[in-house]
Protein chains: 2
Amino acid sequence: MEGVDYLAHERKTAQFDVEAMKVVWAGSKHELDLSDRMARLVASDPVFRKDNRTMLDRKELFKNTLKKAAHAWKRMHELRLTEEEAGKMRFFIDEPAYVDLHWGMFVPAIKGQGTEEQQKKWLPLAYKMQIIGCYAQTELGHGSNVQGLETTATFDPNTDEFIIHSPTLTSSKWWPGGLGKVSTHAVVYARLITDGKDYGIHGFIVQLRSLDDHSPLPGITVGDIGNKFGSGAYNSMDNGVLRFDHVRIPRDQLLMRLSQVTREGKYVQSDVPRQLLYGTMVYVRQTIVADASRALSRATCIATRYSAVRRQFGAQDDGPETAVLDYKTQQNRLFPLIASAYAFRFVGEWLKSLYTDVTQRLQANDFSTLAEAHACTAGLKSLTTSVTADGIEECRKLCGGHGYLSSSGLPELFAVYIPACTYEGDNVVLLLQVARFLMKTVSQLTTGKKPVGTTAYMGNTEHLMQCRCAVKTADDWLNPYAIQEAFEARAVRMAVNCAQNVSKAPSQEEGFFNLSADLVEAAVAHCQLIVVTKFIEKVQRDNVGGGVKDQLQVLCNIYALNLLHKHLGDFLVTGTITPKQGALVSDQLRSLYSKLRPNAVALVDAFNYTDHYLGSVLGRYDGNVYPALYEQAWKDPLNESDVPEGYAEYLRPVLKQQVRLARL
Amino acid sequence: MEGVDYLAHERKTAQFDVEAMKVVWAGSKHELDLSDRMARLVASDPVFRKDNRTMLDRKELFKNTLKKAAHAWKRMHELRLTEEEAGKMRFFIDEPAYVDLHWGMFVPAIKGQGTEEQQKKWLPLAYKMQIIGCYAQTELGHGSNVQGLETTATFDPNTDEFIIHSPTLTSSKWWPGGLGKVSTHAVVYARLITDGKDYGIHGFIVQLRSLDDHSPLPGITVGDIGNKFGSGAYNSMDNGVLRFDHVRIPRDQLLMRLSQVTREGKYVQSDVPRQLLYGTMVYVRQTIVADASRALSRATCIATRYSAVRRQFGAQDDGPETAVLDYKTQQNRLFPLIASAYAFRFVGEWLKSLYTDVTQRLQANDFSTLAEAHACTAGLKSLTTSVTADGIEECRKLCGGHGYLSSSGLPELFAVYIPACTYEGDNVVLLLQVARFLMKTVSQLTTGKKPVGTTAYMGNTEHLMQCRCAVKTADDWLNPYAIQEAFEARAVRMAVNCAQNVSKAPSQEEGFFNLSADLVEAAVAHCQLIVVTKFIEKVQRDNVGGGVKDQLQVLCNIYALNLLHKHLGDFLVTGTITPKQGALVSDQLRSLYSKLRPNAVALVDAFNYTDHYLGSVLGRYDGNVYPALYEQAWKDPLNESDVPEGYAEYLRPVLKQQVRLARL
């Protein structure tokens, strides 16, 4: 098998213009060029190497991450990078670090919740990194339920200060990234108490460490919460624990855009609409959907290339064995994931435009679409991150035994990705929010209130409750209208069924509580419909040449029909399609996989990932997998000596039958 | 929340005798006492501590594993443990080590494939551990396809030796556990070549390292293959790489029970039936099913206890929040996994009796049930390991953010478990073997050949193809006959559909290849039926008092009905049940979850796991989770100093705006 370049052959069979697809994937020629430039810049800089990451112990790993962050900061200045370029550079450095939270949570929190004055004071310090900040919300005993946080901020009118305090062990701040060892400041969420009354959770800017010598300030106990999933991965981040023992901060460090406390200790709400905060949530979740498509595409790129190189069974007349990518069981698992990566990329692109729309409306005091936009982003965050987490692990399994090696890159990708299912809203909790919105939408159908945005199809409920799917042949399943109607009918029927069952309960709340498992399924159906719809619209709207449109069409059909097959029970139990039509889906899927097969490697090449970013011996662009695996093995610290440390103490006595005599 | 013992309350609500259930779970009073004794022995010995494992670097971790193995060997002698006790002790030490392969693969290979003479020579050395062995089969380029191995063993009649050689890079032995740093010997699989002819793959005993100083022998290149998934986990094992440069071994180190090479170089097959090798496979896979139930029960034990402690949302009038175990979405994900752990335990127990039966038949030269037993164990290995791997990760998600901490024990449990989906037969490859057997069984139905064992139901195909499910109310789904018939009808219909579609293809092979995705689904349906059937039989057969039978009944129903709901598409598309009947399944499941709820903690207590074995701060028996999490955090090496290493070089220059001046 050595000396044969399997991937060159794969690239020749592609039926479309890969360069044109790269632009489609990136979003624009500008985006492609920018990413390409920044990815190469990072890849060519030895400070940013990643291949030794899983071999470092915690302290070495962490120190190395500090080094990378400082080096990146220096390079950004030397090269006078724009904000856009600097963001991309951080992205391609591809290592969780305090800078993520500083730029992604601390700065936005001050921007979103600080007054103009506060912004003027704090933002220049943060922009220059004269202070480094994190976002201290969750506590040891409190995650999803923000209203349950226990940390208190009690106003003391005598000194014009807030007293920040951790009254219990469970009120210890727990998880904030960058908190443990790096951050000098934090936006701390605490119950605002003044004049004996608890006004609920508010954000405060609190200094944690001395700017002289970095030691924790009096009253502050701060540290790292310990090792996390995997080697390398998120262990480069100092997720932290933080306790306050009556720490005093000036009154003007309450973030005061939405509410203030006067010198006398009076709580005053400003007239800034609280809905503005939802805008931020839409923004953050939109970026998480974009991250999902990147992580999933990365995993599928590795699995696809390696599946084209790896051969097993099926050798005839001493010829080579069959590439595992040719096996239908491999295609059946891998191709829907490639299609999902594309689907998430396009729905993420659309979410970006949704955010722009929401922002413009907010500025015009139009809150009419906000609830729908909020439910939509919550649902898509949940759907895309769950599928991506499972998809990465599936890609690892698709790489067989070698996928279990750290050098495959997949274990670390999985370990570093899965927190996305939990942070910024637990995925199940988010789906229940979506379901609540759907139930409300259903209940308002009779009142004449027209559903908007991604729920607009529910205005068509009467038709969708009784329509019959017209599919008669496998090829009829290529019709986008048939697909979309089936997904709409399934979603609406599941939602209406749930609403009817909820209404039978003694109370709305009790019904919702008892039927929550069904409600989650209805929410998933709704979210899948959104992704399918946006993919169909993307294919219909874009007119890219070079055979690209045909490929997108195939991917879109695979995405939708694989979901249909996977959730066949939903479609059948709601009478949306017949068993016969369900069986035709499998036939059409087989045909679609055959169409995708010659393009598989080119479709993952279109992600335009460098070998550095992929970080996988199995996913190498040149396909030269085996020599690289072999070479990488010898770099393990265990191979520093032929005879392992511990031989004399713990192996020789066993082999030489001296165990009972030896003092072990 | 501090000071309240949530689990004591949970234990009071149990409606059955936990001690009686412990016996059921263990299999017998003897097994329970044995496990209990050995688990406590290990837990009370400080050498066997595990809580620091994820913090050690590779070399420290490996050395520590050698220490544990030597200490265990010493204790086994000191305490004069029986073979059974020693095996249990190794199990509770709970750390992958070379001893697993020595006892689990090297010794059995010599027993199964060696002649009496060879056994007499090698086994005493192995039993006393004067030599340590491993099982060197897979190669860098060859895993599932054993027939494709490239290593050669060429007979040289001049010297009466075999020359073992690695002709290519891809022929490097790769993955064998214990090979890299420890094993002095290996059973090596290689192509036997004599007189210019290749006789295929045979096993050879090859010495790898000097018994004097442990250095690799001339011609042998051996080392570790590098870091693997997770921290701790399988990195305690020296999975190895091995290359031979014309290494000579005496002729009598070919394992000669099945075939020999004479002094003249003539290849001679013995009259020992080759089917005997299948017996070993049945044995090994049976132990893997038993391991699956242990790993899954361990994960569910952690998730259940923590879900009873953890509270979130739903606080009323300043009271405590709702335990997450009370949420239907949590029950809906967790309770089927508890039920699966029990189901796998009982099907594993049954597999053990199947192995005894197969062994007895083999000794009587009766091979009539072997193919069925082989397909059955292959399928159950695949089903139980896949569900367990996914189930552990689901349990981690059910623990929310804290499940991501290494101290939860779940990341390492996942990392250490997932290879079971790949070793001893890739799970998808195994399902295809099952499918092949099912297709053969279907094709023989018309010939009058009666299907045996777990395929006996297929003798009833005519009825099962047209029977109608009689369920009219949700409670009708509690009828074991209704459940079993539905699973039988679904399995047989999927198999027959596949057979019909395969027969339409130009050739059997082509049909099988193209429809392999459907065939895998049919195989899964068959395997699920086996587990459901054995669970129903267990409940009906056992007459344990103390309310135990009722609990088993609830678990059995949850196991079956959750599968029915999850695979509703299968049942509907084959017309096995109606959409209305499918909807009733969800209603019954809700009611079953309510029945299980008060018993949840007691049902996982019945596994009788020590806190040492669980290895989880979240799964502690006393439920005192938060102080333990807090305490554990401070043990991380990063917390050795308040100001992290690297501050002066990489943080201070950033904060002090000296980046552009500093040389980083």
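1. Let's start with a term you will need: a polar contact is a pair of N or O atoms within 3.5 Å; within protein, one must be able to donate a hydrogen and the other to accept it, and residues adjacent in sequence count only if both atoms are side-chain atoms. Between chain B and chain A there are 58 residue pairs in polar contact, both residues at pLDDT 80 or more.

2. A word on what you are looking at. This is a predicted model, in which local features need pLDDT of at least 70 and side-chain atom pairs count only at pLDDT 80 or more, while totals for chains, interfaces and linings use all residues. Residues are numbered from 1 along each chain as its sequence is written, chains are lettered from A and ligands numbered from 1 in the order in which they are written, and side-chain values use heavy atoms, with hydrogens and water left out.

3. Now the interface. How many residues does the contact take from each chain? Chain B gives 133 residues and chain A gives 135 residues, where contact means heavy atoms within 4.5 Å. About 12,200 Å² is buried between the two chains, and carbon and sulfur atoms give 64% of that. Buried area here is the accessible area (1.4 Å probe) that two parts lose on being put together, summed over both. On the chain B side, Phe229(B), Tyr404(B) and Leu638(B) lose the most area to chain A, together 7% of what that side buries.

4. Charges also meet across this interface. Side chains of opposite charge can pair when their charged atoms come close. A salt bridge is a side-chain nitrogen of Lys or Arg within 4 Å of a carboxyl oxygen of Asp or Glu, and the count between chain B and chain A is 12. One of them joins Glu640(B) to Lys59(A), at 2.5 Å from N to O. Helix α4 (residues 58–78) of chain B supplies the largest share of the side of chain B that touches chain A, with 11 residues. Helices (H or I, at least four residues) and strands (E, at least two) are DSSP runs, numbered from the N terminus. That side of chain B divides into 59 nonpolar, 38 polar and 36 charged residues. For this sorting, Ala, Val, Leu, Ile, Met, Phe, Trp, Tyr, Cys and Pro count as nonpolar, Asp, Glu, Lys and Arg as charged, and the others, Gly among them, as polar.

5. Over all chains, the count comes to 84 salt bridges. Take Arg37(A) and Glu85(A), whose side chains meet at 3.1 Å, N to O. Arg37(A) lies in helix α3 (residues 29–43) of chain A and Glu85(A) in helix α5 (residues 83–93) of chain A, so this pair ties together parts that are 48 residues apart in sequence. Arg37(A) is partly exposed at 42% relative accessibility, whereas Glu85(A) is buried at 13%. The cut-offs are these: buried means under 20% relative accessible area, exposed over 50%, partly exposed in between (1.4 Å probe, protein chains only).

6. Arg490(A) pairs with Asp570(A), their closest N and O atoms being 2.9 Å apart. This pair links helix α14 (residues 480–504) with helix α18 (residues 568–573) of chain A, 80 residues apart, and both Arg490(A) and Asp570(A) are buried. In chain B, Arg597(B) meets Glu10(B) at 2.8 Å, N to O. Arg597(B) sits in the loop between α19 (579–596) and α20 (600–605) of chain B and Glu10(B) in helix α1 (residues 6–12) of chain B, so the pair ties together parts that are 587 residues apart in sequence.

7. What about disulfides? A disulfide is a pair of cysteine sulfur atoms within 2.5 Å, and the count over all chains is zero. The cysteine sulfur nearest to that of Cys527(A) belongs to Cys376(A) and is 7.7 Å away. Cys527(A) is buried, at 1% relative accessibility.

8. Finally, look at helix α2 (residues 18–26) of chain A. Which of its residues are buried? They are Ala20(A), Met21(A), Lys22(A), Val24(A), Trp25(A) and Ala26(A). Among the elements covering them are α8 (276–309), α9 (328–363) and α16 (516–541) of chain A. At the start of α2(A), a side-chain oxygen of Asp17(A) reaches to within 3.0 Å of the backbone nitrogen of Glu19(A). Just after α2(A), Gly27(A) takes a positive phi of about 110°.
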